[in-house]
Amino acid sequence: MDILSYFANVDWVEIWQATNDTMVMLFISLAFIILLGLPLGVVLFLFSPRQMFEHKKVYAVLATIVNIVRSVPFIILLIVMIPITVLITGTSLGVAGAIPPLVVGTTPFFARLVETALREVDRGIIEATQSMGATTRQIIFKAVLPEAMPGIIAAITVTAITLVSYTAMAGVVGAGGLGDLSIRFGYQRFQTDVMIVTVVLLVILVQVLQMIGDKLVVHFSRK
Amino acid sequence: MIEFQNVHKTYRVAGRDIPALNPTSLTIEDGQVFGLIGHSGAGKSTMLRLINRLEEPSGGKIVVDGEDVTAFDSNQLRRFRQQVGMIFQHFNLLASKTVADNVALPLVLAGELSRGEIDKRVTELLARVGLSEHARKYPAQLSGGQKQRVGIARALSTNPKILLCDEATSALDPQTTASVLQLLAEINRELKLTIVLITHEMDVIRRVCDRVAVMDAGQIVELGPVADVFLHPQHATTKRFVQEDEQVDENEQRDDFAHVPGRIVRLTFQGCATYAPLLGTVARETGVDYSILAGRIDRIKDIPYGQLTLALIGGDMEAAFARFTAADVHMEVLR
């Protein structure tokens, strides 16, 4: 059978729209996740054992909140969040309705990765910066964050890829996107051709994200 | 001047107090290279970090140039730290910044100079440590010795009056160690900088230090000018360090000398006396014959010294002893 004719029934406009939705969900969520997760990761790091603001209770409270959110399955979070999503975006539907749960669901995950990346920075670097008379703010911004940059970029990459699979579930609130398309057409209507196209596009998207991430990590590693 | 007044430090580990430094008093004069030598866990690292309060003392006072460092609030402490450079065993350079940016970091943090002034200062510093052509490289592209030179340039950037060296040469090979120590000696001489260094190698002490404190189990067990401590060690720990450096085993030596006839003495010469033709003169005058069993002629910082173990035989032994004692020589009769 001719390969092109096999895909003749695929609605490419629909595919384009879905790709677009996925990208919008991915990048807007990612922007918010970095904006919220990076400071949260820094705070977790600072209060964690043997760090500058070491504080068992504060750290335990933060860590518990982070763990609770992380342990809620995303599909459940998507539904539980509906009232809050309406408050923030005015709607619980569509792409706008998917972004708040995506951000809430993924930020704690990203913050943990950031915390780990910061902890990878040699203690000696922190000590050296302290010995120069740096403030805690300077230690974070002038030494720890620049040194952890490769780790943070790797964390962003992993988070972006996790987001891609979460966006597939966002179809539950009618957000659209490639994952949603593949479920509705590929699975529910037995349109295997659509399923193949969407999965291939998702694979390409993930590959591209990973490649960009890896390139940036190498660039910032300076080793 | 750095004064430790009854300073002590205990760590609390798993609910138990572990003493790291017993109450210690010590004065380090301006412009000196002061060495702290000890095995790991002896408390030397704690002592060094107490000076710029990377470690907080459990009690006692540390006074630097008349100011009680232990009483500083966080702002005063930051300003004080800007006047105290520090270099590290593993260099602790920022891998994400170029050599020039690493050296500039303390100045950027202090925020007192303009970018142009900082660049000018960095160029000067890199020239001083001989790394001008490496300014744009990243630390990973440098050798260990070069990295430590960057560390030194960085530590000097704010024109500190004190330089703390934390095992600065322990990760370097002997040749690189020698060149880094030479640089430190140069800096001490030219900038009149007080250097406090910790090490576990007597050789480092011998090459650059003016005074040394030997530490063992959280206290100073021997303290004095390097020549005195090095040539006439009193405490067992000091003796071990000196023997390690000379690669001499006293017990082995005693066995070897058992079959040698006559008296055995150890003569220690310092300064000009090292090169005086004393042995021949004494041998001629007193008729005492000698053979050299062991010996070393070297330098302690800039002072030449010699230490010879001699077997003496025949002639007027008493007269020979008297001559040695009268000359500018330290004599120990071993047998």
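Visitor: At what angle do helix H3 and helix H5 of chain B pack, and how far apart are their axes?
Guide: Happy to start there, and please keep in mind that this is a predicted model. H3 covers residues 99-110 of chain B and H5 covers residues 144-156. The two pack at an angle of about 30 degrees, with their axes 7 Å apart.

Visitor: Are H3(B) and H5(B) roughly parallel or roughly antiparallel?
Guide: An angle under 35 degrees counts as roughly parallel. The packing angle here is about 30 degrees, which makes H3(B) and H5(B) roughly parallel.

Visitor: Which residues of H5(B) are met by H3(B), and what is the make-up of the contact by class?
Guide: H3(B) passes H5(B) in a right-handed crossing. From H3(B) come Val99(B), Asn102(B), Val103(B), Leu105(B) and Pro106(B), and they meet Val150(B), Ala153(B) and Arg154(B) in H5(B). By class, the contact of H3(B) with H5(B) has six nonpolar, one polar and one charged residues.

Visitor: What is the bridge partner of Val64(B) in E5(B)?
Guide: Strand E4, residues 59-64 of chain B, pairs with E5(B) in the antiparallel sense over two bridges. Within E5(B), the bridge partner of Val64(B) is Glu67(B).

Visitor: What is the strand order of the six-stranded sheet, and what is its average twist?
Guide: The open sheet of six strands in chain B has mixed pairing and the order E6-E7-E8-E3-E9-E10. Strand E6 (84-88) and strand E10 (219-225) each have a single partner strand, so they stand at the edges. From one strand to the next, the twist averages 15 degrees.

Visitor: How many bridges join E7(B) to E8(B), and what is the partner of Asp166(B)?
Guide: Strand E7 (residues 162-166) and strand E8 (residues 194-199) of chain B run parallel and are joined by five bridges. In E8(B), the bridge partner of Asp166(B) is Ile198(B).

Visitor: What does UniProt say about chain B, and how much of that span is helix and strand?
Guide: The unreviewed UniProt entry carries the annotation "domain: ABC transporter" for residues 2-242 of chain B. The end C-alpha atoms of that span lie 27 Å apart. Its secondary structure is 39% helix and 28% strand.

Visitor: Now for chain A. How many helices and strands does chain A have, and where does UniProt place transmembrane regions?
Guide: Chain A comes to 10 helices and zero strands. Residues 24-47 of chain A are 100% helix, and residues 59-88 are 90% helix. Both stretches are among those that the unreviewed UniProt entry lists as "transmembrane region" in chain A, namely 24-47, 59-88, 152-174 and 194-213.

Visitor: How are H2(A) and H9(A) oriented to each other?
Guide: H2 (residues 12-47) and H9 (residues 178-187) of chain A pack with their axes 7 Å apart, at an angle of about 140 degrees. Roughly antiparallel would need an angle over 145 degrees. H2(A) and H9(A) are therefore oblique.

Visitor: Where does chain A touch chain B, and which helices each supply at least two residues?
Guide: In this contact, 20 residues of chain A are in contact with 21 residues of chain B. By class, the chain A side has eight nonpolar, six polar and six charged residues. The helices of chain A that each supply at least two residues are H7 (123-131) and H8 (136-169).

Visitor: Are H7(A) and H8(A) roughly parallel or roughly antiparallel?
Guide: Their axes are 10 Å apart and the packing angle is about 155 degrees. Angles over 145 degrees count as roughly antiparallel. That makes H7(A) and H8(A) roughly antiparallel.

Notes:
Residues are numbered from 1 along each chain as its sequence is written. Chains are lettered from A and ligands numbered from 1 in the order in which they are written. This is a predicted model: local features need pLDDT of at least 70, side-chain atom pairs count only at pLDDT 80 or more; totals for chains, interfaces and linings use all residues. UniProt positions are given in the numbering used here, feature names are shortened, and annotations may be inferred rather than shown by experiment. Helices (H or I, at least four residues) and strands (E, at least two) are DSSP runs, numbered from the N terminus. Axes are lines fitted to C-alpha atoms, for helices over the stretch in contact, and angles run from 0 to 180 degrees between N-to-C directions. Angles under 35 degrees count as roughly parallel, over 145 as roughly antiparallel, 65 to 115 as roughly perpendicular and the rest as oblique. A crossing is left-handed if the near helix is turned anticlockwise from the far one by less than a right angle, and right-handed if clockwise. Two residues are in contact if their C-beta atoms, placed from the backbone, lie within 7 Å. Ala, Val, Leu, Ile, Met, Phe, Trp, Tyr, Cys and Pro count as nonpolar, Asp, Glu, Lys and Arg as charged, and the others, Gly among them, as polar. Two strands pair if DSSP finds at least two bridges between them.
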